[in-house]
Amino acid sequence: MVEGLQELTGRLWVAEPSDHDMLVFTDIYDAWFRRVLHWLRACGTPDSELEDIAQEVFIIIRRKLGSFDGANLGGWIYRITSNTASDHRRRSWFRNLFSKSEPLEDSSSISRVLASDLLETKQARQILHRLLDQMSEKRRRAFALFEIEGYTTEEIAELEGIPVATVRTRLHHARKEFYELVAKLSRGKAT
Amino acid sequence: MNRLRDQKASQDPIEVNCAKILSSAEPLDPNGIAERRVRASLLLNPSPRSRVAFMMRPVMAAAMVFALISIAAAAIVHERMNRSSQVIPTIANTAPIAAAPIAAPRIAAAPVAAEPAIPQPAAPSEAAQVATRPNKAPHAAKPKGPTAEESKLLMSGLKSLRVDHDPLKAGEQFERYLHRFPRGALFEEALAYGIEASALRKDPNTSALATRYLRKFPSGRFRSVAENAIKRAGN
């Protein structure tokens, strides 16, 4: 997942920030854009706002590129991404205070969706978003990166800057929570 | 560590549901459209937000707070000006009624013109009291409004004075008011009309009444009435 990191970091330090910022930035953009999108989704950014927030992330990266210490480019971009995503979540929470939120489907319709063999993708995605929203931020990030984006525990640990054991603990609790939430919805089907 | 999303063939139906839900997440930007769009936006906006703009945030916030405070202050001043403008016309309306009686012959000569003003004095004085109610001390005792008996007595005195042209009877009624309600809400009015009635019947006590008025209400609304009465008595 972090292939080319050393190469990119090296190029970054070879380049003078003032002369080649744009060149280095373009390389970073090409190499990391897709990953930033996945991270943003793991951080709970709605699909409809991914592009806007990604743009915001890269504007910040370009602004801060001169002060980057070159230690861990992936971790640095990940931190910017998660901070931007949580800022956005906070802002949208504040905005939603004053706007009427769209009501989510009731649990009976969710259980109907779960019961059907042909699970409609859109509905399932809505359920997934709703379930992830009920988790704490740290657990959701670890869970989404592992289960949805396909990262390994070691990669998550490197991105988050935490021990692998901590990632595993978070994953364990997050999976248990997710399982219980789905079980609760499935029980709703029977009643 | 196994992934939940790979458990589609599990024996546990809940695990299968988990896998279904987790697999629903679609691949992001498969055609690279979003990547190209964001790149174009970044190229269109080549200058990143400057540090100066970032530093301006607190200044902007302070400016907004200042603007809000200014608006609030302007609103308060406007409200106070409105209140004071309510008081000024009330006094201006009552002043001629009080001033007119001193020119007693003129009122007597044109009773029809004076009559429409009869029911007014009590109401404006009430309004003036409400309008001049102190704002700074909301816990201070509010000035009490006139009781029905007070109003009745004053109105009957006014009727005798202005309609029946009987200053003697009017004077008695105003005198009765002053005795019965020494702290009444219409005391000032009763005293002023008492001066008028007294002046009409050329009572020697007129200047004493006027002096009493000036002592009690040095900047009262009927000050000019009292001063004129003293002047006339001096002549």
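Residues are numbered from 1 along each chain as its sequence is written, while chains are lettered from A and ligands numbered from 1 in the order in which they are written. Local features of this predicted model need pLDDT of at least 70, side-chain atom pairs count only at pLDDT 80 or more, and totals for chains, interfaces and linings use all residues; side-chain values use heavy atoms, with hydrogens and water left out.

**Figure 1. Chain A is built from nine helices and zero strands.** Helices (H or I, at least four residues) and strands (E, at least two) are DSSP runs, numbered from the N terminus. The order of elements from the N terminus is α-α-α-α-α-α-α-α-α. Chain A has 191 residues, and 47% of them count as buried. Buried means under 20% relative accessible area, exposed means over 50%, and partly exposed lies in between (1.4 Å probe, protein chains only). The accessible surface is about 10,000 Å², with 53% of it on carbon and sulfur atoms. Such areas come from the Shrake-Rupley method with a 1.4 Å probe; for residues, only the protein chains shown count as cover. Contact means heavy atoms within 4.5 Å. Of the chain A contacts between residues at least 6 apart in sequence, 66% join residues at least 24 apart.

**Figure 2. Chain B has 11 helices and zero strands.** Its elements run α-α-α-α-α-α-α-α-α-α-α from the N terminus. Of its 235 residues, 34% are buried. Chain B exposes about 14,500 Å², and carbon and sulfur atoms supply 61% of that. Among its contacts between residues at least 6 apart in sequence, 51% join residues at least 24 apart.

Figure 3. The size of an interface is often given as the accessible area lost when the parts come together. Here, buried area is the accessible area (1.4 Å probe) that two parts lose on being put together, summed over both. Chain A brings 44 residues to the contact, and chain B brings 32 residues. On the chain A side, A:Glu51, A:Arg63 and A:Tyr179 lose the most area to chain B, together 16% of what that side buries.

**Figure 4. Polar contacts link chain A and chain B in 13 residue pairs, both residues at pLDDT 80 or more.** A polar contact is a pair of N or O atoms within 3.5 Å; within protein, one must be able to donate a hydrogen and the other to accept it, and residues adjacent in sequence count only if both atoms are side-chain atoms. Helices H2 (17-42), H3 (50-64), H6 (121-133), H7 (137-148) and H9 (164-190) of chain A each supply at least two residues of the side that touches chain B. H2(A) gives the most, with 10 residues. By class, this side of chain A has 23 nonpolar, nine polar and 12 charged residues. Ala, Val, Leu, Ile, Met, Phe, Trp, Tyr, Cys and Pro count as nonpolar, Asp, Glu, Lys and Arg as charged, and the others, Gly among them, as polar.

**Figure 5. Two salt bridges run between chain A and chain B.** A salt bridge is a side-chain nitrogen of Lys or Arg within 4 Å of a carboxyl oxygen of Asp or Glu. One of them pairs A:Asp30 with B:Arg39 (2.4 Å, N to O). Over all chains, the whole structure holds 18 salt bridges.

**Figure 6. A:Glu56 and A:Arg91 form a salt bridge within chain A (3.5 Å, N to O).** A:Glu56 lies in helix H3 and A:Arg91 in helix H4 (residues 73-97), so the pair ties together parts that are 35 residues apart in sequence. A:Glu56 is partly exposed at 30% relative accessible area, and A:Arg91 is partly exposed at 39%.

**Figure 7. A:Arg89 and A:Asp133 form a salt bridge, with the closest N and O atoms 3.6 Å apart.** A:Arg89 is partly exposed at 25% relative accessibility. A:Asp133 is partly exposed at 38%.

**Figure 8. B:Lys159 and B:Asp164 form a salt bridge in chain B, the closest N and O atoms being 3.8 Å apart.** B:Lys159 is partly exposed, with a relative accessible area of 45%. B:Asp164 is partly exposed too, at 38%. Elsewhere, salt bridges that share partners join A:Asp30, B:Glu35 and B:Arg39 into one network.

**Figure 9. A:Thr81 lies in helix H4 of chain A.** A:Thr81 is buried, at 0% relative accessibility. Beyond its neighbours within four places in sequence, A:Thr81 is in contact with A:Val36, A:Trp39, A:Leu40 and A:Val57.
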